[in-house]
Amino acid sequence: MIRRRLSCSAISAEATAFRWENCPLATGAIELEEIMELDLRVEIVPETNLLHRTGGRVGSLSANGREIRVDAAFQSGDPREYRSFLAHELAHRRLHMKLVPGRKFVTREAFVSFHELLDTALGSDLEYEARRFGAYLLMPKSEMLLVFKQAVDVARDRFSGDVHSGPARMFAEKLLADHFGVSEARIAIRAGELELWQEVRREQRWRGFIRTGLTG
Ligand SMILES: [Zn+2]
């Protein structure tokens with residue numbers, strides 16, 4: 001069994017705490033850039049061609065957690081992917097800052113290469129945690145359950161009751177993606193881990209059973 005550094009429930013609790021502290025009433029797509037710049041005082045610095053210069057890294061957090069450098073084209077590109085990127089970097093800031101050895105990094109490059117030298121098991125644990133935090137922060141479970149149900153109802157009306165066809169699922173996931181301000185791919189992963197479509201399938205079987213039971 002893989003022993004994780006932080007459990008999923010601990011990461012989820014951190015994401016919930018962050019929302020309570022910074023945007024307790026927010027629903028849907030949270031204004032993460034605004035929160036990070038104005039409330040957390042993290043400076044977001046766009047840089048031209050960063051993606052090319054770093055061999056595919058769209059951005060990173062500084063060692064002291066006060067600055068995020070981001071590829072300028074990526075920042076002005078898809079706002080949903082940019083929001084997910086910020087959530088990921090925020091996770092490193094919130095969950096992993098204490099792992100950074102103090103004063104060790106004179107330059108940002110030194111900090112980036114420290115990342116690359118991290119023990120691969122620890123490194124992949126930290127990345128896993130950051131991805132989990134991002135998902136919990138941007139698509140909280142309770143809101144996901146509620147909005148998913150609404151999206152499925154809309155899809156059911158539009159696709160004459162059949163919500164399991166590819167187009168109906170894509171339609172519902174698009175509604176969720178628009179609501180939460182994330183990509184459809186991230187919605188599909190989150191819906192998968194919460195087993196939301198399985199739940200719909202079970203419910204549909206019951207509906208069918210009740211219908212045939214009543215008419216048969
Ligand atoms: Zn990361």
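Predicted model: local features only at pLDDT ≥ 70, side-chain atom pairs only at ≥ 80, totals over all residues.

Colleague: Start with H9. How many residues has it, and how far does it reach?

Modeller: H9 covers residues 166-180, which is 15 residues. From first C-alpha to last it reaches 21 Å. That is close to the 21 Å expected at 1.5 Å a residue.

Colleague: Which residues of H9 are buried?

Modeller: Ala168, Phe171, Ala172, Glu173, Leu176, Ala177 and Phe180.

Colleague: Why would residues three or four places apart point the same way?

Modeller: Because an α-helix has 3.6 residues a turn.

Colleague: What comes just after H9?

Modeller: Gly181, with a positive phi of about 70°.

Colleague: And H10? How do the axes of H9 and H10 cross?

Modeller: H10 is residues 184-193. The two axes come within 9 Å and cross at roughly 105°. So H9 is roughly perpendicular to H10.

Colleague: Which residues meet there?

Modeller: From H9, Glu173, Lys174, Leu176, Ala177 and Phe180. From H10, Glu184, Ile187 and Ala188. That contact has five nonpolar residues, three charged and no polar ones.

Colleague: New topic. Where does Arg132 lie?

Modeller: In helix H7, residues 120-138.

Colleague: Is Arg132 buried or exposed?

Modeller: Buried. Its relative accessible area is 12%, and buried means under 20%.

Colleague: What does Arg132 touch?

Modeller: Leaving out residues up to four places away in sequence, Arg132 touches Cys8, Ile11, Arg190 and Glu193.

Key: Residues numbered from 1 in each chain as written. Heavy atoms only, no water. Helix = DSSP H or I, 4+ residues; strand = E, 2+ residues; numbered from the N terminus. Expected span 1.5 Å × (residues − 1). Buried < 20%, exposed > 50% of the residue type's maximum accessible area, 1.4 Å probe, protein only. Contact = heavy atoms within 4.5 Å. Axes fitted to C-alpha atoms, helices over the stretch in contact; angles between N-to-C directions. Parallel < 35°, antiparallel > 145°, perpendicular 65-115°, else oblique. Nonpolar A, V, L, I, M, F, W, Y, C, P; charged D, E, K, R; others polar.
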